Amino acid sequence: MTKAYKPGAAGVRSQARRALGAAAVAGVAGLTLAPNAFAADAEAPMATAAATSAATEVSGVQVDGKKTATVSSPKFTAPLVDTPKSVTVIPQKIIQQTAATSLQDILRTSPGITFGAGEGGQPLADRPFIRGQASGNNIFVDGVRDSGGQTREVFDLEQVEVIKGPDGAYSGRGSGGGSINLTSKSAKADDFAAGSLGVGTDEYVRATIDVNHQINDSVAVRLNLLGTQGNTPGRKAVDFDRWGVAPSVVFGLNGPTQLKLDYYHLDSNQMPDYGIPLMTKTTQPRTASGILDVDRRSFYGLRSRDYQKTKADIGTIQLEHQINDDYGVRQVVRYSKTLNDYIVTNPGDGGAAQLVNGQWWMKRGTKTRWNPVETVAAVTDFHGKFTTGAISHSFDLGLELSREENRNATYSTYTTSGSACPAGFNLPATTAASLGAGDCTLVYAPNDKDPWTGVINRSPANRNITKTAAVYAFDTIKFGEKWLLNLGLRHDSYETSGYDWASFTQNQGVFSGGTVTARSGSWDFTNYQAGLVYKPTEHSSLYVSYGTSSTPPGVQAGDQNGSTTVGTGNLSGNLLEPEDSKSFEAGGKWTLFNDTLALSGAVFKTTRKNAQILIDVDKYAQVGETEVKGVELGISGNITPKWQAFGGYTYMDSELVRGAVTVPTTGPGAGVPVVNINQGDPLANTPKNTFSLFTTYRVIRPLSLGGGAYYVSKSFGGNQGGAGGGTNRIYAPDYWRFDAFASYQINPKIDLQLNVQNLTDERYIMRTNGVHHADPAPGRQAILTLNVKY
């Protein structure tokens, strides 16, 4: 695939995409503001997705007055207050009130979760870290693993469920930090319509529509639509446009057998952003954090070349049958296809900056990926309850089968004509052969409008096929009114195979030669959990629990926890055993004020072992170990009828207990192993303190005011879940962020919502990979949204 790019070509494509996005927004907005399109009777009582007999208005959003959260999976065989594990449920109300549009926006409200930077073999996509463990491969949609590197949207979400700590019994293979489940909107026995149209600074426009219609006693349909575009505040040239559609139909609403058909499509175009360089690329005196002191708006990419396109198509069939009052069965079948396709400028990957005629210059480097992923999965659950004497059981038995095919290729980006490097700039011959002679920019005054013409070719793609077969069982055993025992067991047979391309050459943008190496591996592993619950009162619980998780090598498009186990190269030669994570947790949960307020607290310790590390010259062993100890507090619901709060605090004390030795190649100590200098250091992307609180107060009946406060302490950079900072001790400094919220109800069907994100325009660093770049956070942005519901 050879393309000769001309100056401004990407700008033309961007204009076309933005025009298409604007048309989609206009169309959706027209539907949103057309009452007759939603309801035949304008005087019909208002109904929304969350409306129930206990419903109430909170800050312009209709919510259920019962705040006790529930999760969608039958694997949870007890209410959350009686589940001996930290589980955070972020409801649709919080998603709407915070004006969240991405998974990162949503998870900001859940302390103890950070996001890692792309690069270092990891995709430019959602990369959450839960309790210090990379969890990008532990994201699920309606209980089925959502493979592939993606940047996810929220327009079709009912809620987000976060399970913290090793959860191999629930989720199968995983990093040991936990997992995230996204619960989709689906058709229900109701008639309602809701629409929103938001406009804001930085050319922000967003329109959504959510329409549900019950055709008859048995059938209902629902449709969710999205159109949005805008710029990232505080970042030059970084724009986006997205559109999505998600229909749902349900048959058998009032019968024992229910069939649900769901489809989700998202199409996204955006300018990828790798932030700003690190001090490691210059010889200037370093800053304390190691991040180069440049204008945080500086953008090192090229409008004429860089792009990121992502697509997701997910089709789901779900069949549920209630055998009788005590037993039921559920079958879910899923086919999904995703694509993550990008070329992004990496400001720290074109070699060291050079001082020429009193100015610092750098050669632009690139990171590229073409990564389609196809997944077929089937999950069967048999759940129910029964009593044996004085002991009652609530159980779930399940079978999971899946096949994932992951292809991964890169692009060449050979410059035939670009911004010239100054006379005296030393460009190595190997760099000139692979990247071309031009394409330089000033370190302290980069120009995103620099011209670029070149050749782009896609390399041969590596291919990886993963097959999983698993059986699992859960049981909550109740002894009288005070004691419960929660047990879970899962066995996985995991197999991966494929091939890697290597040794091909790239000259002036053309790939040639190369060899193919086939590889395969299979593992069987069993994980379990056990938790004992004591209930002082009906609405409270105290618990202790223990759980495990296994991380097999070779998981592509996700994250592993040691640099030697990322990707599939380790499948050649000696076959590695899965890394093991174990966690102990003790805590308590309380629901107060007639179940309108939920409180939780826990202490935990998670240990990950079995990472392969270098222990001597040319000698490896699976003895790497990390540890995270901490405390977590949470609050969710209504403190008073007018005052609501959602958030919490997490303290994490993390440590690389044992890391790989290093073997110097020069100097007096050449050839003699040296203990890892990071041994004893905190883990990457694991800040010691994180705090979040989003709260609103209804001042008068139509007016609610509130906002969010978020704090993250210093966080060392890194990619793989090992020690942070590396030899250069790069870190993202601590920061506070504040958001503002106001809602005014014009009438029972229309309200206005104002959000000011990053109210103080704090210029903080969200994350750094610790090697090449650091990512500045978006600046201040104001968004005014008109919400209409019928």
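Start by selecting serine 412: this residue is buried, with a relative accessible area of 1% (buried means under 20% relative accessible area with a 1.4 Å probe, protein chains only). Serine 412 sits in strand β24, residues 411-418; helices (H or I, at least four residues) and strands (E, at least two) are DSSP runs, numbered from the N terminus.

A word on what you have open: this is a predicted model, in which local features need pLDDT of at least 70, side-chain atom pairs count only at pLDDT 80 or more, and totals for chains, interfaces and linings use all residues. Residues are numbered from 1 along each chain as its sequence is written, and side-chain values use heavy atoms, with hydrogens and water left out.

Serine 412 and serine 459 lie 47 residues apart in sequence, with 7.4 Å from C-alpha to C-alpha.

Next, zoom out to the whole protein chain. You will find five helices and 43 strands, and 57% of the 790 residues count as buried.

Then go to the largest nonpolar core, a set of 22 residues (buried Ala, Val, Leu, Ile, Met, Phe, Trp, Tyr and Cys joined through side-chain atoms within 4.5 Å). Select Ile90, Ile95, Ile106, Leu107, Val160 and Leu182, which touch the most other members. Among the elements giving two or more residues to this core are α2 (92-97), α3 (103-107) and β10 (157-164).

Center on leucine 107. Leaving aside residues up to four places away in sequence, leucine 107 touches Ile90, Ile113, Phe115, Pro128, Val160, Val162 and Ile180 (contact means heavy atoms within 4.5 Å).

Last stop: a second, separate core of 15 residues, including Ile291, Leu292, Val294 and Ala774.

Notes
Buried < 20%, exposed > 50% of the residue type's maximum accessible area, 1.4 Å probe, protein only.
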